[in-house]
Amino acid sequence: MGMGSLSGKTALVTGGSRGIGRSIVERLTAEGAQVAFGYRQAADAAHEVAAATGARPIQADIGVASDVAGLFDLAEQFVGRLDILVNNAAVWLPGGRIEEASEATYETVMAVNAKGTFLALQHAAIRLADEGRVINMSSIGTQRPAPGNAIYAASKAAVEQFTAIAALELGVRRITVNCVAPGATDTAMLEQSLPQKLHARAARNTVLGRLGTGDDIAGIIAFLAGPDAGWITGQTISATGGLL
């Protein structure tokens, strides 16, 4: 896939100001797409991304229905009818073990990761152009149960089910819906969720011997968004560097 494979296409990326989301915005614009992206709080980072890529930043809390509607309205004003939606926005909070986790943590993580993805899918189902692309973001956490990760993993398991069912429902319009499940990826969220002393172990636990990067994940997103992935739908793709 060469640069320019998304020329003439439009995209909305949620959570595009930092980490994997920023890499996705950079890659989709480099491939020629017109991109709008959402951010919740990181205004300075969002405007940096916009200045570097030409993508249009939109402030929105993906866990709030009216914000999601506004995000799609502004995205369509900025770039026109949408071809591609990347549901990247997510939060991880230190919930602790099940008996320790607070209701507030549950509500926040589910609101952003599960409900936010669902709300965006609802708009995509109505607004996305025929033959469009939806790419959701899960996590290796759904396949690797870990103590203390119940809420986050459950929120991402919901995303995988939304993916499978949205693919069935939107197939009649030739819209593909897929999901990417990254492993340990070198981002601020990894810094939050995995102690620094375990980063080297995580790298050793991949067959490629390193942590993933935002660019690694963005390349897979760009492929799924592009013309060569039209026969792939309803899939969750593990992107882990061959996690052992």
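**Reading cavities, pockets and the sheet**

Me: What is the volume of the largest cavity?

Reply: In general, rolling a probe the size of a water molecule over the atoms shows where empty space is left. Here the largest cavity has a volume of about 70 Å³. A cavity is a set of points, on a 1 Å grid over the protein atoms alone, where a 1.4 Å probe fits but cannot get out. Points are joined across faces, edges and corners, and the volume is the space filled by probe spheres set on them. The model is predicted, with local features needing pLDDT of at least 70 and side-chain atom pairs pLDDT 80 or more, while totals for chains, interfaces and linings use all residues. Residues are numbered from 1 along each chain as its sequence is written, and side-chain values use heavy atoms, without hydrogens and water.

Me: Which residues line the second largest pocket?

Reply: A pocket is an open set of points with protein on both sides within 12 Å along at least five of seven lines. The second largest pocket has a volume of about 190 Å³. Phe118, Leu121, Gln122, Ala125, Gln161, Phe162, Ile165, Ala166, Glu169 and Leu170 line it. Helix H4 (103-127) and helix H5 (150-170) are the elements that give two or more residues, with the largest share, six residues, coming from H5. This pocket lining has seven nonpolar residues, two polar and one charged.

Me: In what order do the strands of the sheet stand?

Reply: Strands pair if DSSP finds at least two bridges between them. Seven strands form an open sheet here, in the order S3-S2-S1-S4-S5-S6-S7, with parallel pairing. At the edges, strand S3 (56-59) and strand S7 (236-239) each pair on one side only. Neighbouring strands are turned by 20° on average, direction ignored. Strand S1 (10-13) and strand S4 (84-87) pair over three bridges, and Ala11 stands opposite Ile84 in S4.

Me: Which strands do H3 and H5 lie across?

Reply: Angles run from 0 to 180 degrees between N-to-C directions of axes fitted to C-alpha atoms, for helices over the stretch in contact. Helix H3 (65-79) lies across S1, strand S2 (34-39), S3 and S4, at about 160° to S3. H5 lies across strand S5 (133-137), strand S6 (176-182) and S7, at about 160° to S6.

Me: Where is Arg81, and what does Arg81 touch?

Reply: Arg81 sits in the loop between H3 and S4. Contact means heavy atoms within 4.5 Å. Leaving out residues up to four places away in sequence, Arg81 touches Thr10, Arg127, Leu128, Ala129 and Arg173. Arg81 and Thr10 are 71 residues apart in sequence and 7.1 Å apart in space, C-alpha to C-alpha.

Conventions:
On a 1 Å grid over the protein atoms alone, a cavity is a set of points where a 1.4 Å probe fits but cannot get out, and a pocket is an open set with protein on both sides within 12 Å along at least five of seven lines; lining residues have an atom within 4 Å of a point. Helices (H or I, at least four residues) and strands (E, at least two) are DSSP runs, numbered from the N terminus. Ala, Val, Leu, Ile, Met, Phe, Trp, Tyr, Cys and Pro count as nonpolar, Asp, Glu, Lys and Arg as charged, and the others, Gly among them, as polar.
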